[in-house]
Amino acid sequence: MKQECKDLIGQTLGRKEGTISDEEGEQIIAAFESKMQTLSKRKDFWDRWGSMTQAERIQAAGGELAKDLQEQARQKKAARYKQVLAQNRSLRELDRLAREEDIHAHAGVAKLMLGVERAAKGIQNEYLTSMLDTLNGIRSKWLGFMENAEDARDFAREVYGEDTKNARAKAAAEAWAKTAKDMRGRALHAGARIGLIDYGYIPQSHDWAKVRNKKGGGKNAWIDEVFPLMDRTRYKQDNGQRMTDSQLRDFLGEAWEDIVTSGHNADNLWDALETPVEPSLVGYKKYPHRELHFKDADSYLQYEAKYGQGSLTSTLIGHVSKMSHDIAMMEGFGPQAETTFKFLKEIADAQALDARREKSSWELLTKYSDHHGLTRVTLDEMWRVLSGEASAMAVNSEPAVRFLSGWRNLEVAGKLGKAFISSFSDIATYFVATGFCRMDFGQGMRFLFSVYGSDWKDYANRCGLIADSISSDFIRWGSDNLGQGWTAKLANASMRASFLTAWTDAVRRAFNLNMLASLGKLIEKDWSALDDYDRARLQDGGIGEAEWRLMQEAGTEEFKGVKFLSYKRLKEISSDPKRMIVDENAESLASKVIGFILNEGEMASLGPDLITRTEASRGNKRGTMSGELWRAAMLFKSFPLAMMEKHWRRAQFLNHHGGRVDQLGYLAAMVVSTTVMGALSLQIQDLLNGKDAEDVTSGKFWAAALTKGGGLGFLGDWIVNGLSDDSRYGAMSGAANILGPQLGSVIEASDAAFAWARAPIYDKDTKPGAKTVRSIRSHLPFLNMWYTSTAIDRAFMNEFNEWMSPGYLSRMEKKLRRGTGQDYWLPLDNLTPTRAPRMADQPRK
């Protein structure tokens, strides 16, 4: 480059003569070209760009670049400031945890990470609440298996500026636009650098395998189909002229390459920028596939139908979830969240080493070691889950991941049809959690019976208490989100059909509303007037004195005769720009309160937290051998692990802020109440299966009730029955239960296969045909529901098994008598009862 050219560029940018090197000059020219292309699309340059001379364009681009550099410097300074504040805030919280809660080193960092997870839930629910019109405007049918195509089409058209005359679709589009705008503003304030688009935008989803379309023409076929769907006015050359057909096809070719090689499966407002924010003149990288501008809604829908994945609703919710997670990470750990994590971990490592000087071996193990939960996960493993790294797929492992995750979904769909009966222990945990939070038991009872009404559902949703069945895939008994695809929809539909989804939503909704009402009463006291217990549990949930003052300012509102903490006023305070300037706690107020309530609700009806979710994968990516083996082994185990771990941590809290008596009382109440409800679940399940009630004087019965009520399920069966043939959970041995349902299915299928070769692995009495049918039936959705299974068995399945394996029914009867002394009041081969159910006495031969 000639020196006079470099000097001219330097002059435009305000640089001194002779200070630009050849390399920097080339980089700056590239930045000029990028900026000129951006300006050609901007509204304030749109009409006049074509009539401007090249010199005028260069001068305009230079002026904008100079502004960008100034803004970049300001943003870098602000980001450093936010980073320092986040690290300082984290250090203060670690110090408080050590002084007030006796939580040290790595355990303290784990507590901060749990706080980020809690904040993400609150933020997600805050924004999902603001787009309720969107969620209600796109209806579904068949237990959520299918999305209403007309609703999705009208919503997309409204977003793209078309008037559909559909009031519901218009409200849905307006709610989405406002939510997206609010999320972007909060992300910017947290330290993100996001550009702004100037037209209605819907997140795009790209299924890389469909885009690749190896058998259908690949790259060229994709370009041919996408080309006519593009908005040609948004693709311009640097000179302001529209791209030629050849240029646009080359551009789309780059898009295809990026989608296929990177495997990105979702777009969002962070990436699809109409006016991109260049991080620097040198480092700005374009992402062509994130600049797919469709000419209208029908073009967008046509593309999504063929090359997208998941429904429109799941795409929108996924976008909100990702944005909420990123905002929580930046607000909690600063714009460079991973840097803060590494910084805090180094401090924890140093504290752990320093503790070796004077702490006992027991304290070093329990308070200063980097091991958390029953399976002893580490901070690094937790970070990989929290940051999303563990959710990513290993390179080129997508086919394996899809197969294995689909298999897990089928295990959920086929084998959890009776989990609703087991979930009766929620009643016990509901009232134990009510007592822990010092809430009104009578009011809690009323809510438990009234929250099924649509009026209470609507009010809870408006207060940010969105049900899990709306905000995310149902994951109570699984190891992670069910994901997308037909197997995931099948699993979710099965959970809905079993009433487990409705039950869990109702229990949590009842508790959350009671909590919101309880806070409405508690804010009558100043922070200093609260006793140590209340202050400690509030701080444990992320609510400090500053937030408490704002909650008091928000006050209460009344609904159906009950006073609640006013979510509407909390939201108004959070959305007030003036308040955000003078009080850094204002913007996050609503989401903090909602996050606190939701977290407590997942104690009333157990849900997995970050530690439990980490135990399900050990932070390993999907598609890796270790990651898939862990996910297979831990399927269905997240609930029992959460039951043991979360309530044990709560008991420790009570020991610290009450005493040993409070701790033991809490544990005793938990064990006794869940055991009683476990006994009820066992007896109801037996009666539904056509069996007599078990002998309540039997120690074996109460051991089974203890494990079932405590959520141990598979483990309790193994403890009670060992590896014998009396295993309660189907035909597999106890060892297969421990290995997880996927590996158990492999053992079960292998046993059937070897049985055909006259060499069964176990269960030598049952014939191979009956084994094969039983294995297939256990994976079929809707056939194993608590209200359909017995009827199907008596109608034809048992007789079919008897035909396939003569003596099958008599062996079942003998096995039941030998195990518990029960008989069948409903014959195995008949839907007509022979007598009334009775209580079994003792095992018999």
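Buried means under 20% relative accessible area, exposed means over 50%, and partly exposed lies in between, with a 1.4 Å probe and protein chains only. By that scale, Lys170 is partly exposed, with a relative accessible area of 32%.

This is a predicted model, in which local features need pLDDT of at least 70, side-chain atom pairs count only at pLDDT 80 or more, and totals for chains, interfaces and linings use all residues. Residues are numbered from 1 along each chain as its sequence is written, and side-chain values use heavy atoms, with hydrogens and water left out.

Start with the charges. Side chains of opposite charge can pair when their charged atoms come close. A salt bridge here is a side-chain nitrogen of Lys or Arg within 4 Å of a carboxyl oxygen of Asp or Glu. The whole structure holds 51 salt bridges.

Lys170 takes part in one of them. Its partner is Glu158, and the closest N and O atoms are 3.3 Å apart. This pair links distant parts of the chain: Lys170 sits in helix α8 (residues 167–190) and Glu158 in helix α7 (residues 149–159), twelve residues apart. Helices are DSSP runs (H or I, at least four residues), numbered from the N terminus. Glu158 has 11% relative accessibility, so it counts as buried.

Now move to helix α17 (residues 398–415). There Glu411 and Lys415 form a salt bridge, at 2.9 Å from N to O. They are separated by about one helical turn, because they are four residues apart in that helix. Glu411 is buried at 0% relative accessibility. Lys415 is partly exposed, at 25%.

Helix α25 (residues 532–540) holds another pair, Arg537 and Asp534, three residues apart, about one turn of the helix. Their side chains meet in a salt bridge of 3.0 Å, N to O. Arg537 is buried at 5% relative accessibility. Asp534 is buried too, with a relative accessible area of 5%. Elsewhere, salt bridges that share partners join Glu93, Asp95, Arg96, Arg99, Glu100 and Glu101 into one network.

Next come the cysteines. A disulfide is a covalent bond between the sulfur atoms of two cysteines. With the cut-off for a disulfide set at a pair of cysteine sulfur atoms within 2.5 Å, the structure holds zero disulfides. Cys437 is buried, with a relative accessible area of 1%. Cys463 is buried as well, at 2%.

Methods:
Helix = DSSP H or I, 4+ residues; strand = E, 2+ residues; numbered from the N terminus.
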